[in-house]
Amino acid sequence: MTSYATGDWILMSCIRALFAFTSFQKSFLFTRFVSFVKVCGWFLFGLFVCLPSTTWAKKGDVRKISLYGFARFDAIFNDARFDFAQFAFVVKPRLNGKRENELDLHPRLSRVGVRLWSGKLTRDIHLDGRVEIDFHNGGSESRAFLRLRHVYGVFHFKGLSLLFGQTGHLVAQLSPSANNDTTMWNAGNIGDRAPQLRLGYSFQLGRGKLSVQVASVMPNAVDKKDLDKNGTLDGQDAASPAVHARVGFVSPLWTKRPFRIAFGGVWAREEVSKPIAGKSEFSSLGVFAELDFPIHDLVGIRGEWFLGQNLSDLRGGIKQGVNPVRGTEIRTMGFWAEVWGKPLKWLTFVVGYSQDQPNIEDLEDGNASLNRVFWVSAMIRPVPAFKIALEYLRWYTAYKGDKMYDGNRVNLHFTYYFDWTSRF
Ligand SMILES: [Ca+2]
Ligand SMILES: [Ca+2]
Ligand SMILES: [Ca+2]
């Protein structure tokens, strides 16, 4: 305050000295003029003081931003009753033997994302990140709620990386091209999204790159499992994170698209305070494989395979992790595979098959014992900004002690893409 008063006195004296022998000093405008000069003077002084520190603060500031996403509209027709008409996981048993039709129109998969790249924090460390949302989180059909898909930052230090936030599960990262909503989850495709802390190291191996990663993942982020209904997720109750590990290899081939193979494993514990059929602890275990093999620029195959027990939190086992009647984990195995063809630059065809088949001995009558989907899709993208796609899915769900039910699902969707990048 003292330095402000001294500075103010010096400024005032200078102004008075400047106009000491003029009549302007006596005019009514002089006070206003002095106030104006004072404000400008202090503003410039503040700028002068702050500018060097602002320059220092720029270390690690965002240097590049990309705003991306799309507006999308889906029209879906089902000729049988699914668990959800909009986002199907299983075909439901027929009510009174009746086959029912369903129709759904929605824009919920529309997406907005921001990618951020920061300047170097030190000579070797830099930071980047991402926030991405869509609108598939409930609400009415005209007032959808936001859904957080990705929100994370990543430190990079030479080959090392540390990711903190939420993104896709570390294992089983591929997804089929059709059914972009439930992506054949619980029907052969495994791996969703969850909060996590992920450490990775990657290095050059021949012409390709090998990466080794391990992650501490929030358990029950997807299946919300609370078997004893005590209000605490059973993975939270166990007080240990799910551990995911993955080794992946990506290498250029004779094609534009790279070859990719990966193997992963998952381990997690769950605990209940009120025993379920005499058991208080459950474990989740799984092994995973991913393959993306472009045979030619015009054709390729992709797919995944998994085997494990209590995998409902990763979308395996047809939504079934633990059998609450017996207090035992449900074992399951599943896979998906698709062949894609791109005969023209703007045209892609896909044919695929997937299935998830829990061990029938681990199930009770009425539990889903097999969930399988066959799909064909055609995608037309005449310009990068626009895509129209038509998908046909033939779906089968079998129930123990009952029979297998089938359903046909047709999905037409339109997408307008945008992508804008700015550098500072
Ligand atoms: Ca997957
Ligand atoms: Ca619980
Ligand atoms: Ca506990």
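How many bridges join strand S3 (residues 111-120) to strand S4 (residues 125-134), and do they run parallel or antiparallel? Seven bridges join S3 to S4, and the two strands run antiparallel. Strands here are DSSP runs of E with at least two residues, helices are runs of H or I with at least four, and both are numbered from the N terminus. Two strands pair if DSSP finds at least two bridges between them.

This is a predicted model: local features need pLDDT of at least 70, side-chain atom pairs count only at pLDDT 80 or more, and totals for chains, interfaces and linings use all residues. Residues are numbered from 1 along each chain as its sequence is written, while chains are lettered from A and ligands numbered from 1 in the order in which they are written.

Stay with S4. A hairpin of four residues joins S3 to S4. Lys120 stands opposite His126 in S4. S4 also runs antiparallel to strand S7 (residues 147-157), with 10 bridges between them. There, Ile133 has Leu148 of S7 as its bridge partner.

Now the whole chain. The protein has three helices and 21 strands. Its radius of gyration, taken over C-alpha atoms, is 30 Å, well over the 22 Å that the globule rule gives for 424 residues, so the protein is more spread out than a compact globule. That rule is 2.2 Å times the number of residues to the power 0.38. The C-alpha atoms fill a box of roughly 105 × 55 × 55 Å along the principal axes. The domain assignment, automatic or from a database, gives domain 1 (2-52) and domain 2 (60-423). Their C-alpha centres lie 65 Å apart.

Next, the interior. Of the 424 residues, 27% count as buried, with 20 or more other C-beta atoms within 10 Å of their own; 12 or fewer means exposed, in between partly exposed, and C-beta atoms are placed from the backbone. A nonpolar core joins buried Ala, Val, Leu, Ile, Met, Phe, Trp, Tyr and Cys residues through C-beta atoms within 7 Å. The largest has 19 residues; Phe82, Val90, Val91, Met184, Val373, Leu393 and Trp395 touch the most other members. Strands S19 (368-383) and S20 (386-399) each supply at least two of its residues. Apart from it lies another core of 14 residues, including Phe288 and Phe306.

Finally, Asp419 sits in strand S21 (residues 404-423). Asp419 counts as partly exposed because it has 13 C-beta neighbours inside 10 Å. Its C-alpha is 6.9 Å from that of Ser66, 353 residues away along the chain.
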